[in-house]
Amino acid sequence: MDEHRRRRRSLACVWLAGAAGLVHAGFSFYWAFGGRALLSTVGSWAVQLAADAPVAAGLGLGAVAAVKAAAAIIPIAVAHDRIGGRRVWRAVSWAGAVVLIGYGGANTAVSNAVLAGLIEPDGGYDRDAMIGHAWLWDPLFLVWGLALLAHLGWSRRRRTTGTGGRRRRTAPVAGVGDRPQA
């Protein structure tokens, strides 16, 4: 695949990842400022907390929203060379993508298994929350992580070696090939 096509695919993926993250962040901000729509899809505990301690719930959700928003926006800024620390932010993004995929994938699978009756939790379950996690919040985490991972893979910088204009991917390991072989 040529570099132009790789770059376009990479940018499309980072924007998709950012959009998924900002949807998450947007709802967290909405709930932080007192909104209640879809809050029951997070869990009855969230509805109860918002009713019993609205200031604490708002502060907590505001902090969560800020972290989600930063996690959604920073990879886009890095992809467009708008902030420094590219290597650090990409390392953080790789870890974040793995966590998002693991968390979103596992919770999507388990929630759907509960809804399908394959798993029966002791004491029952909160149906609204299970639907929210099976069909909305956790699949959105999964999409966020998969799109971010695809972006990171397609946007890796490639080194060229040899002659003749051929490109060969080389490992970015310090010291490899620095010494003559005995």
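Of the 182 residues of the protein, 32% count as buried, and among contacts between residues at least 6 apart in sequence, 69% join residues at least 24 apart.

**Confidence of the prediction**

- The mean pLDDT of the protein is 90, and 86% of the residues reach 70 or more.
- Over residues 163-167 the pLDDT falls below 50, and this stretch has 4 contacts in the model once near neighbours in sequence are set aside.
- Residues 170-182 likewise have a pLDDT under 50, and for them the model shows 4 contacts beyond four places in sequence.

**Loop residues with positive phi**

- Asp-81 has a positive phi of about 55°, although this residue is not a glycine.
- Leu-38, also a residue other than glycine, has a positive phi near 65°, and it lies in the loop between helix 1 and helix 2, the latter spanning residues 44-52.
- Why does Leu-38 count as partly exposed? The relative accessibility of Leu-38 is 39%, and the partly exposed class lies between the buried limit of under 20% and the exposed limit of over 50%.

**Nonpolar cores**

- In soluble globular proteins, nonpolar side chains tend to be buried together.
- The largest nonpolar core in this model has 11 residues, namely Ala-17, Ala-20, Ala-72, Ala-97, Leu-100, Leu-140, Phe-141, Trp-144, Ala-147, Leu-148 and Leu-152.
- Helix 1 (3-32), helix 4 and helix 5 each supply at least two residues of this core, and the largest share, 6 residues, comes from helix 5.
- A second, separate core has 6 residues, among them Trp-31, Val-42, Ala-50 and Trp-137.
- Leu-140, a member of the largest core, is in contact with Ala-20, Val-23 and His-24 when its neighbours within four places in sequence are left aside.

- Beyond its neighbours within four places in sequence, Leu-100 is in contact with Gly-105, Phe-141, Leu-142, Trp-144 and Gly-145.
- Leu-100 and Leu-148 are 48 residues apart in sequence, while their C-alpha atoms are 9.3 Å apart in space.
- Gly-145, whose place is in helix 5, counts as buried because its relative accessibility is 0%.
- Apart from residues up to four places away in sequence, Gly-145 touches Ala-97, Leu-100 and Ile-101.
- Which distance separates the C-alpha atoms of Gly-145 and Gly-104? The separation is 8.1 Å, for two residues that are 41 residues apart along the chain.

- Rolling a probe the size of a water molecule over the atoms shows where empty space is left.
- For this model the count comes to 1 cavity of 30 Å³ or more, and the largest cavity has a volume of about 40 Å³.
- Which residues line the largest cavity? The lining is made up of Pro-75, Val-78, Trp-89, Arg-90, Ser-93, His-151 and Leu-152, and these residues divide into 4 nonpolar, 2 polar and 1 charged.
- Helix 3 (54-79), helix 4 and helix 5 (127-154) each supply at least two residues of the lining, with the largest share, 3 residues, coming from helix 4.
- Ser-93, one of the lining residues, lies in helix 4, which spans residues 86-115.
- Ser-93 counts as buried because its relative accessibility is 9%, a value under the 20% limit.
- When residues up to four places away in sequence are not counted, Ser-93 touches Pro-75, Leu-148 and Leu-152.

Technical notes
Residues are numbered from 1 along each chain as its sequence is written. This is a predicted model: local features need pLDDT of at least 70, side-chain atom pairs count only at pLDDT 80 or more; totals for chains, interfaces and linings use all residues. Side-chain values use heavy atoms; hydrogens and water are left out. Helices (H or I, at least four residues) and strands (E, at least two) are DSSP runs, numbered from the N terminus. Buried means under 20% relative accessible area, exposed over 50%, partly exposed in between (1.4 Å probe, protein chains only). Contact means heavy atoms within 4.5 Å. On a 1 Å grid over the protein atoms alone, a cavity is a set of points where a 1.4 Å probe fits but cannot get out, and a pocket is an open set with protein on both sides within 12 Å along at least five of seven lines; lining residues have an atom within 4 Å of a point. Grid points are joined across faces, edges and corners, and a volume is the space filled by probe spheres set on the points. Ala, Val, Leu, Ile, Met, Phe, Trp, Tyr, Cys and Pro count as nonpolar, Asp, Glu, Lys and Arg as charged, and the others, Gly among them, as polar. A nonpolar core is a set of buried Ala, Val, Leu, Ile, Met, Phe, Trp, Tyr and Cys residues joined through side-chain atoms within 4.5 Å. pLDDT is the predictor's confidence in each residue, from 0 to 100.
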